[in-house]
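Student: Please take me closely through one part of this model: a sheet and the helix packed on it. Then set that part beside the rest of the chain.

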Amino acid sequence: MRRPLHAGVALAVRRPALVLAAAAALVLAGLALALRLEADAGVDTLVGTSTESYPATQTLRERFGDDAIIVLVRGDLQKLLLSQDLERLLGLEGCIAGTAAAGVSPPGGASGPCARLAATRPVKVVLGPGTFINTAVRELRAGYERRVLSNRVLADAAAATASNRARRDGIGAAEARRRGARARAKVQRRLADELLSLASRYGLTAVPSLDDPGFVSTLVFDPSKPAGTPKRRFAYLFPAQGGEPGRAALVQVRLKAGLSERERSEAIGLVRAAVAMDDWRPASGATYTVTGAPIVVEDLAASIGGSMRELLIIALLVMAGVLAVVFRRPLRLLPLAVALGAAALTFGALSLAGAALTMASIAVLPVLIGLAVDYAIQLQSRIVEERDGGAGGAEEAGSPLGIGAAARRAALLGAPAVAVAAAATAAGFAVLALSPVPMVRGFGILLVAGIAFAFALALLAGTAALVLVARAPLSRRSPASSGARRGGAGGGAAGRAIRRAGRGAIAAVCRRPARVLAIAVAVAACGWALDGQTRVESDIQRLVPQDTAALSDLDTLQRSTGVGGEIDVVVQGDDLTRTEVIGWMVDYQTAVLKRHGFNERRGCGEAELCPAFSLPDLFTTAASRSDGEAVKALLDAVPPYFSRSVITADRRTATLAFGIRLMDLGEQKRVIDAMRAGLSDGRPEGVSAQLAGLPVLAADANAQISSSMRRLLTLLAGLAAVAIVLLGAFRDLRRALVPLVPIALATGWSALLLYGLRIPLNPMSVTLGALVIAITTEFSVLLSERYREERRRGLGPQDALARTYRSTGMAVTASAATAIAGFAVLVSSDIRMLRDFGFVTVLDLTVSLVGVLLVLPAALMLSERRAGGPA
């Protein structure tokens, strides 16, 4: 490892300006790419792909469209549907669907939302009251016209048959014509009787039309219920609460699957703009609210973008302030410059890979900046230290070296330890790639890449900057910089106080290392035992900004309709029109709704599940689904716009949909498991059925990340990964395992702290164990390697520890303080998930740092006693 490190430093010494110029060019390129990143706050970033429901959800989206945008219409349904407002509602649905007539200027003009939606066509389907009633009118009119035409043909045929028979019987022409007329009249009377029956059924006095209140009322409202109560089978359009007269209608807008983040964002903006147009404003006083999962995601993505900029600015100011206090000249802000460069390269690479910003990406910033600052401080301090003759006091220091020789010597003595610590830290973070949550996996992978960029910049650009500054005449340097000649960190009264406290603690640990380690193990054991008792906050509503209008609108949707999301059952088979398949779907739907509290009398009310538009809704009677040919005939008769919302044209994929209340993901998982358990009951052979939709994916992912066993396995995997890297680098079991002692114990201290403070975990902070392992690895490896180096120089254990803590220890403290300050910035975020993550990380890293500084000396002392000397 020393050879490539020495070669890199040698290049920075020979060509410092060239190295800095190349680094600056790369950083600027990375920054340009990073500025192109788009935020993605989709629930897909929180759910995994490893469950059986994920492929079913992908199939659902491909065949039937993406998650529904909901336009909630609130108001008196009778006033809305039995007036001109119905035409306004139909116009809005047509505008959103992009069905502008060719050659006709749409409402809002050529640059308005209707025209743009018609041009881009991002919407797959719009299902709403206006479209439903208008389609019913068209189909009835078309059916009437077909029946009249058919009747005319039959009447003509009957007249011709009667007339011809009369002629064959030798009856005169006049009588034959009279018999033909009577036959025609008989056929026409049968049609009249059918039309009278139809008119009586739907209250028709004329051919059905959209502006016929009697027809619309008979079609939509239940005459056996209080006035204005929609029929039960239309609950997916007019959800009722507790059987009360309807006050809400739903327009479902499903975007096409496969839209890019930019296309989806633009489509959502156009839908919102269309709803806001005065052309569609109801005269009855009804109101529109645009809500649904895509709306919440869109607003959260905008919030993430704003948080990214705000947190970066705050982080820069806070970390610059911390470095100014804890790290002395020369170039006290050089570590921060290195960290910013590493961040630019990392997020530039993220953009180049075609990925997007998530909430976890924001959390990467303080971690990455803290680690990059640490690498830069360690390397910069070691170069200054070697330049001034070593880490000892004046009585032991060697002859001062030139900056080039000092940098080369640091590359041989100090840089390998930093490189090993960086590699072990990266291994600890790489374990997060095993997480079932995509956002967490991205967090780990992004940090692994960031660590590589940070170390390379600190080694090359940091060294080049020091070389360039060192060429300036000594007379032009501030006298204050002389204090930095022994490590560069921890000056002033605060530094002296820290060093005095440190010397006292080291002396106490060296006297009783076994007792210190026993206490540390006991405390950690308590934390491990209680880790499974820490609650995981899984209610997404509580983890996003509470002042988000979209969140309030989603709550309004639930209060108005009883539901806040949708669960689908994706049914697949060779022929779903078989009567036994339709019968099973009807039975399953009925059983699930009954089990979860829905009935016609109460409506959705307090039910956990409510009906949504599904294939069985097309079959309103037992007779209509009892015969295979009748089923096929009915599906052929239903307008494709409706039938293909629930069954594909090839009749191989269909959906059963249920509305679900907003609830804690733990409760949601209970409902979903009950639904999943019933899927096999009576299901016909050759038919598969899987639950699908974001509520299902979110509940399954939450169950995985909430598992205390999974957290334990993640911790063990992290420790194993760190151990493998250290063993591979050191080729010495004792040398590799001693730093692992405080690393492993830190996970227990962290768990105990969280339990004691009653701080719940969330989908991000469940990664805290891996984060503690990775960060603590940095501290522990650097300190143990410096201690080993000082012992090999001939110092006794206590003196070696004192010198380690005076040099590397102060640099570790400075970088740790910077990292902790960076995490503290997250506490200012308006995203609770980030805020809680930042808060618990600040506490845990502080406890871990203090614990490592106290426990590592005990582990080193006991290790030497057992082995009879240093490793």
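Tutor: Contact here means heavy atoms within 4.5 Å. Angles run from 0 to 180 degrees between N-to-C directions, with axes fitted to C-alpha atoms, for helices over the stretch in contact. Helices (H or I, at least four residues) and strands (E, at least two) are DSSP runs, numbered from the N terminus.

This is a predicted model, in which local features need pLDDT of at least 70 and side-chain atom pairs count only at pLDDT 80 or more, while totals for chains, interfaces and linings use all residues. Residues are numbered from 1 along each chain as its sequence is written, and side-chain values use heavy atoms, with hydrogens and water left out.

Pairing requires at least two DSSP bridges between two strands; S2 and strand S3 (residues 248-255) have four and run antiparallel. In S3, Val253 stands opposite Val126.

A second open sheet of four strands, also paired antiparallel, has the order S6-S7-S5-S8. Its edges are S6 (609-611) and S8 (688-692); each has a single partner strand, so one side of each is without a neighbour in the sheet. The twist from one strand to the next averages 30 degrees. S5 (residues 565-572) runs antiparallel to S8 and is joined to S8 by five bridges. Val571 has Ala689 in S8 as its bridge partner. Helix H25 (residues 694-705) packs on this sheet, touching S5, S7 (653-660) and S8, and its direction makes about 100 degrees with that of S5.

Gln589 belongs to helix H21 (residues 579-595). Gln589 is buried, with a relative accessible area of 8%; buried means under 20%, exposed over 50% and partly exposed in between, with a 1.4 Å probe and protein chains only. Leaving aside residues up to four places away in sequence, Gln589 touches Ala612, Ser614, Pro616, Asp617, Leu656 and Phe658.

Next, the cores. A nonpolar core is a set of buried Ala, Val, Leu, Ile, Met, Phe, Trp, Tyr and Cys residues joined through side-chain atoms within 4.5 Å. The largest has 132 residues, of which Phe347, Val367, Tyr375, Phe429, Phe443 and Leu726 touch the most other members. Helix H13 (residues 359-387) gives the most to this core, with 16 residues. Apart from it lies another core, of 99 residues, including Tyr236, Phe238, Leu576 and Val687.

For the protein as a whole, there are 31 helices and eight strands. Of its 871 residues, 55% are buried. Among contacts with a separation of 6 or more, 81% are between residues 24 or more positions apart.

On confidence, pLDDT is the predictor's score for each residue, from 0 to 100. The protein averages 81, and 84% of the residues score at least 70. Over residues 392-397 the pLDDT is below 50, and this stretch has six contacts in the model beyond near neighbours in sequence. Residues 474-488 also stay under 50, and the model has 24 contacts for them beyond four places in sequence.
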